[in-house]
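Dear colleague,

I am handing over the structure below, and after it you will find my notes on what turned up. Please read them with the structure open beside you.

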Amino acid sequence: MATDSTTADFTGEQVRRARFAVAAVFAVHGSVTGSFATRVPWIQDHAGVSAGQLGLALAFPAIGASLAMPLASAISHRFGARTALRGLLALWTLALILPSLAPGLVTLCAALLVYGASAGMSDVAMNALGVEVENRLGRSIMSGLHGLWSVGALVGSAAGTVAAHLGTDARLHHLAAALVLTALGMLACRGVLDLRSEPDEEPPPRFTLPPKSALIIGAVGFCAVFAEGASLDWSAVYLRDVMDTSAGLAAASTTAFALTMAVARIAGDKVVDRFGAVRTVRVGGALATVGGVLVVASPNAVVALCGFGLLGLGVAVVVPLAFAAAGRSGPNPSQAIAGVATITYTSGLIAPSAIGTLAEATSLVVSFGLVTVLAFGLVMGAGVLRAGDRAKAVPGAGAEAPGTAAAEPRG
């Protein structure tokens, strides 16, 4: 995201304030996802769709996101980063209302297409601003931002669980949640950096193929998201069918995976600042590979649980670091981030079905053998996350001097 001369005038205090503002945006964004996920059963009943039809409809958010994400760069160029984020985030929070209003399959698919498109565009805009703040601070913050997204999703799902337990109509629940989250999002957007394009800069194309740098970085993100999606959706089934455990213990595998991911993301920035993105991802990939081996070769459920926990720990920080690397890989961060986001969304879309298809043809053990191979791909491909150097930090904004731990180690 190119900026005009005024962006050089941001003070250290403004940048630090922008960090908290964009963190709040991430939490609001995650809260929408959590609010929606808990009411999917109600939405299914209201729309009168079967399980297979629901599965088809739930593919539309990823389709909408993949189609719309390239637009985020053009919108930010036209209106400026702050205004663009404000509008796109409001579109996302208000889109929460649409799925619960759908009376049938066609309208549900259309609602979820809009829901996914608004999610993807606001995702790109907030990640681009997060990368800009990280560059100006001179230290890693992206892992923590994604950790706060997970916290927001947890809060949204907790509220949704209460609403479902009380038997609240999802239309009323989502209307109230959308209004509250829209207000919180607008408040948070007031503090983000108001970046604007150079007056003579050519606007980015509305639709374009991802740049080569984004494709390479996105391949690493693809491996991480595939392992994440496979583990979240299939870990409980794996323990039940392969390990022959109880339903309660099987569900604990999903909890173990999600918990290690959330903890690792919140703590990840300090690790990245100490060891650098490349070394962090290589070690994470090694841990995820060990976790995959434990799952595949586990003699009992406890070992498999440990394996899923290591998988979550190992892949947790990869996507935030992929976004950060994309934002430093070329002259147009929003376009590169949109490319990486498209690839990772696609991975998240195909992973669950790919695991199921392979399991049907072979077995779940073989499916998680594929997950293990992709986890090892993180070890081999981590070097691409060195793309670009962080932008100059604002003096007094918390930047580290050259040669300190914030500098990216080579190797």
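Are tryptophan 92 and tyrosine 115 buried or exposed? Tryptophan 92 is buried, and so is tyrosine 115, where buried means under 20% relative accessible area, exposed over 50% and partly exposed in between, with a 1.4 Å probe and protein chains only.

Before going on, please note that this is a predicted model, in which local features need pLDDT of at least 70, side-chain atom pairs count only at pLDDT 80 or more, and totals for chains, interfaces and linings use all residues. Residues are numbered from 1 along each chain as its sequence is written, and side-chain values use heavy atoms, with hydrogens and water left out.

The chain averages a pLDDT of 84, and 87% of the residues score at least 70; pLDDT is the predictor's confidence in each residue, from 0 to 100.

The structure holds six aromatic pairs, which are rings of Phe, Tyr and Trp (its six-membered ring) with centres within 6.5 Å, counted as stacked if the planes are under 30 degrees apart, edge-to-face if over 60 and tilted for the rest. The rings of tryptophan 92 and tyrosine 115 have centres 4.7 Å apart and planes at 50°, so this pair is tilted. Ring pairs also link Phe36, Trp92 and Tyr115 into a cluster.

The rings of tyrosine 238 and phenylalanine 368 have centres 5.2 Å apart and planes at 75°, so that pair is edge-to-face. Tyrosine 238 is buried, as is phenylalanine 368.

Best wishes
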